[in-house]
Amino acid sequence: MHPALHPRRRFLRVVTAALIALPLALAGCGGDDDSSSDSDGPVELSIFWWGGDARAKLTEDALALYTKKHPNVTFKKTWQANQGYFDKLATLTAGNDAPDIFQIDDNFLTEYASRGATLDLTKYRESGKLDVSKFPESLWKYGEVDGKLAGLAFGENTQGLVYNRTKLQAANVPEPTTGMSWEAFISWAEQAGTATKVAGTQDPSADYKAFWVWLRQQGKDLYKGTDLGFTKDDVQKWFELWKGARDRKVTPSADIIHEGNATDITKQLVVTNKALTSWVWVNQMPELAKNTKDSLGVIAYPGDPSAQWARASMYFSVFRGSKHKDVAVDVINFLANDPEAGKLLGTERGLPSNLDTRKSVAEAVTDPNMKLSIQVETDLGTKFGKAPQVPPKGHSTVRSELIKAAESAQYGRATPAAAAEAFFNAAKAAIK
Amino acid sequence: MASTTTTRPRPGPDRPKAGVSAHRRGLRPDRTREGLAGYIFLSPWLLGLMGITAIPMLMSLYLSFTDYDILSTWSEIEWVGLANYRRMFGDDPSYWHAVQVTATFALIAVPLKLAAALGVALLLNRERRGVGLFRGLFYLPSLLGGSVALAIVWLNIFNRDGAFNGFLGLFGIEGEPWANDPDWALETLMVLAIWQFGAPMVIFLAGLKQVPTELYEAASVDGAGPVRKFLSITLPMLSPVIFFNLVLETINGFQGFTSAFVLSGGTGGPVDSTLMYTLNLYIKGFTDYEMGYASAMAWVFLVFIGVITVVLFSTGRFWVHYSDGDDNS
């Protein structure tokens with residue numbers, strides 16, 4: 001052929017080769033070559049969590065400490081608000097591109113674990129590379145799904161009823177106390193609401209954790225194995241309890257309740273001043289306090305506090321497709337057990353799982369809201385009942401169905417009986 | 001393109017001259033080479049089409065017959081035949097609720113949006129001072145498009161303590177918590193959609209400019225009033241543009257997602273009042289981890305949109321007038 005054509009032909013050949021090689025190269029990326037034995041080579045781990053600015057700062061500091069001790073390990077950190085977090089995590093997992101380490105909670109742990117998306121940490125625990133010897137046994141076991149350790153419990157918390165102390169004091173209303181019956185609490189809220197001209201309490205009928213505590217006080221549970229642990233009548237009683245409260249104007253109007261049903265901390269009615277109390281987790285206290293000028297208090301949910309339990313507020317899990325599984329496990333072990341890291345992380349994710357760390361953090365803490373949440377949880381800790389099982393697959397759907405049904409009753413679109421029936425059927429379908 | 005370049009005579013000893021026999025000798029390898037080069041230059045687009053549209057679409061068609069849950073690996077996917085489709089049509093009340101919400105939204109918001117666009121276009125179709133500024137201002141909301149920020153602003157205007165109720169308060173009217181009220185949330189979304197009438201308005205304006213002024217002059221001579229002129233000249237002359245806007249906006253209307261997602265915090269609430277089809281699909285796929293089912297929903301939706309479009313086109317025959325042959329042939 002003519003020499004003038006050569007450069008072009010070479011170009012074509014290169015391009016063709018590249019086009020053929022590209023898919024092969026891409027396919028190679030998906031391969032699971034575990035190069036974790038190469039512990040001195042440079043390793044970049046991706047880590048993903050939900051939370052606010054405060055959590056980001058603490059976590060970044062703790063990770064920087066790890067890098068300082070292991071200069072070959074660096075982190076690609078991603079964090080965002082809770083809303084949308086699990087959508088993104090699911091998408092990343094679907095693309096086999098999930099972060100090496102990700103934060104997860106008991107609402108989703110079974111979803112991921114039962115599909116093998118999380119690395120089974122059992123062998124690391126047994127070899128001591130993942131040290132849980134200083135953890136309360138019930139706490140680390142709350143990370144087990146079908147006999148596999150799917151996540152390392154990172155922080156302990158429990159349900160907390162947060163109230164606006166400033167407003168109560170200004171109106172000379174006594175503060176609510178742990179152990180009040182539900183009826184007594186509603187009456188208290190009615191009286192407090194009248195005195196302060198703010199709705200007495202957020203209506204928690206859409207809140208699965210409040211429903212759950214209430215169920216346990218009736219000797220029931222949210223789940224029993226892979227079945228529901230309650231009956232249609234139980235749901236109806238729960239909805240009727242709060243319909244009664246709404247009729248007595250103890251709660252705000254349905255649209256305000258709806259605003260407060262968002263998981264966002266900044267939207268909780270106790271900080272938007274649309275109700276005197278909100279139903280949250282105890283470890284959310286300091287973050288709530290940042291969103292209001294008023295002073296806050298926290299107690300257990302109404303009824304017998306032994307219905308509450310030490311819940312793993314969240315976990316760190318390692319992705320099954322991580323290329324550096326050993327290093328990733330070492331990092332979560334460090335975050336959970338290293339005293340210095342523990343000091344940096346504080347109680348922002350809940351009481352530290354490691355009891356030694358918990359003790360030293362509790363002694364050193366200065367933030368009054370953090371102090372209060374530690375104190376409340378430690379007090380309640382003596383009364384806690386047995387932890388329930390980790391919720392089964394479909395739990396997140398059960399939660400959203402409860403919100404839907406409860407709101408249909410709150411807006412007066414359905415009677416408590418009809419809403420209960422709708423929820424019960426939807427929940428049953430969701431976990432089957 | 002390729003054929004014109006190959007037939008053009010070019011210098012070079014092994015280039016074919018512009019003769020039939022020369023063609024036969026030299027063309028084949030040359031054409032193959034040109035063809036290959038063509039495909040390579042086409043490849044960015046082709047890869048995009050295949051990688052981003054065609055292959056994922058075919059995958060989703062396959063997935064719609066499976067129980068894919070997005071967290072499992074590919075090897076764990078099980079073929080379930082028509083089960084997803086059967087469930088959609090027989091066993092999922094929330095599906096039909098979403099269909100109803102979406103149809104309500106599209107049937108009300110689309111005609112009103114087009115009417116608003118046409119009305120404002122008629123007003124702005126006059127040469128007055130500052131009319132360009134007004135055209136720009138009316139178009140502005142559409143520039144913001146399906147933006148999340150806009151939906152958040154909307155939520156804050158139309159909640160209990162929002163600006164809209166503040167405005168009503170001036171007249172002593174106590175408003176509803178619009179966006180947070182199951183009776184009004186969908187209407188709030190409709191108003192948002194209607195307010196963004198800028199894009200069809202600009203197209204209407206362009207269409208209005210094309211109507212020959214002689215027609216109006218002739219009608220004036222015949223004594224026609226403004227209403228008669230609008231009905232007998234403007235509307236028929238504008239009908240191709242109306243048709244175009246109608247098709248586009250209908251498809252857009254059925255696909256509404258962003259504002260519903262933001263307004264309801266991704267739930268379709270309160271009490272499923274804003275559960276648009278695409279939002280329901282998203283929830284099924286990404287919250288309930290039923291991606292196989294969501295894929296089936298997407299395919300039914302695609303077919304449905306296709307049918308709607310075909311129906312619109314077939315009605316077009318009766319009311320769309322193409323003024324071919326006279327002045328712009």
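This is a predicted model: local features need pLDDT of at least 70, side-chain atom pairs count only at pLDDT 80 or more; totals for chains, interfaces and linings use all residues.
How many bridges join strand S1 (residues 43-50) of chain A to S3(A), and do they run parallel or antiparallel? The answer is 2 bridges, and the strands run parallel. The legends below start with the model as a whole and return to this pair.

Figure 1. Residues are numbered from 1 along each chain as its sequence is written, while chains are lettered from A and ligands numbered from 1 in the order in which they are written. The predictor gives the complex an ipTM of 0.81. Its pTM is 0.83.

**Figure 2. Confidence along chain B.** The average pLDDT (the predictor's confidence in each residue, from 0 to 100) of chain B is 86. A score of at least 70 is reached by 88% of the residues. Two stretches stay under 50: residues 1-13 of chain B and residues 15-23 of chain B. For residues 1-13, the model has 11 contacts beyond four places in sequence. For residues 15-23, the model also has 11 such contacts. Two residues are in contact if their C-beta atoms, placed from the backbone, lie within 7 Å.

**Figure 3. Chain B, a chain of helices.** Chain B has 14 helices and 0 strands. Helices (H or I, at least four residues) and strands (E, at least two) are DSSP runs, numbered from the N terminus. Read along the sequence, the pattern is α-α-α-α-α-α-α-α-α-α-α-α-α-α. Of the 329 residues in chain B, 29% are buried. A residue is buried if 20 or more other C-beta atoms lie within 10 Å of its own, exposed if 12 or fewer, and partly exposed in between, with C-beta atoms placed from the backbone. Take the contacts in chain B between residues at least 6 apart in sequence: 67% join residues at least 24 apart.

**Figure 4. Where chain B touches chain A.** The contact takes 25 residues from chain B and 27 residues from chain A. On the side of chain B, helix H2 (20-63) and helix H13 (277-287) each supply at least two residues. H2(B) gives the most, with 4 residues. This side of chain B divides into 11 nonpolar, 8 polar and 6 charged residues. Here Ala, Val, Leu, Ile, Met, Phe, Trp, Tyr, Cys and Pro count as nonpolar, Asp, Glu, Lys and Arg as charged, and the others, Gly among them, as polar.

**Figure 5. The two domains of chain A.** Domain 1 covers 43-156 + 313-379, and domain 2 covers 159-308 + 394-431. These bounds come from an automatic or database domain assignment. The domain centres, taken over C-alpha atoms, are separated by 28 Å. In the contact, 19 residues of domain 1 meet 16 residues of domain 2. Helix H17 (residues 368-381) of chain A gives the largest share of the domain 1 side, 6 residues. That side holds 5 nonpolar, 11 polar and 3 charged residues.

**Figure 6. An open sheet in chain A.** The sheet has 5 strands in the order S2-S1-S3-S14-S6, with mixed pairing. Strands pair if DSSP finds at least two bridges between them. Between S1(A) and S3(A), which run parallel, Ile47(A) stands opposite Ile101(A). S3(A) and S14(A) run antiparallel, joined by 4 bridges. Ile104(A) stands opposite Tyr315(A) in S14(A).

Figure 7. Strand S3 spans residues 101-104. Ile101(A) and Gln103(A) point one way. Phe102(A) and Ile104(A) point the other way. All four are buried.

**Figure 8. Helix H14 of chain A, largely enclosed.** Of the 13 residues of H14(A), 12 are buried, so the rest of the structure largely encloses this helix. Among the buried residues are Lys325(A), Asp330(A), Phe334(A) and Asn337(A).

**Figure 9. Ala364 of chain A, an exposed helix residue.** Ala364(A) lies in helix H16 (residues 355-364) of chain A. Ala364(A) is exposed, because 9 other C-beta atoms lie within 10 Å. Lys343(A) is 21 residues away along the chain, and the two C-alpha atoms are separated by 8.5 Å.
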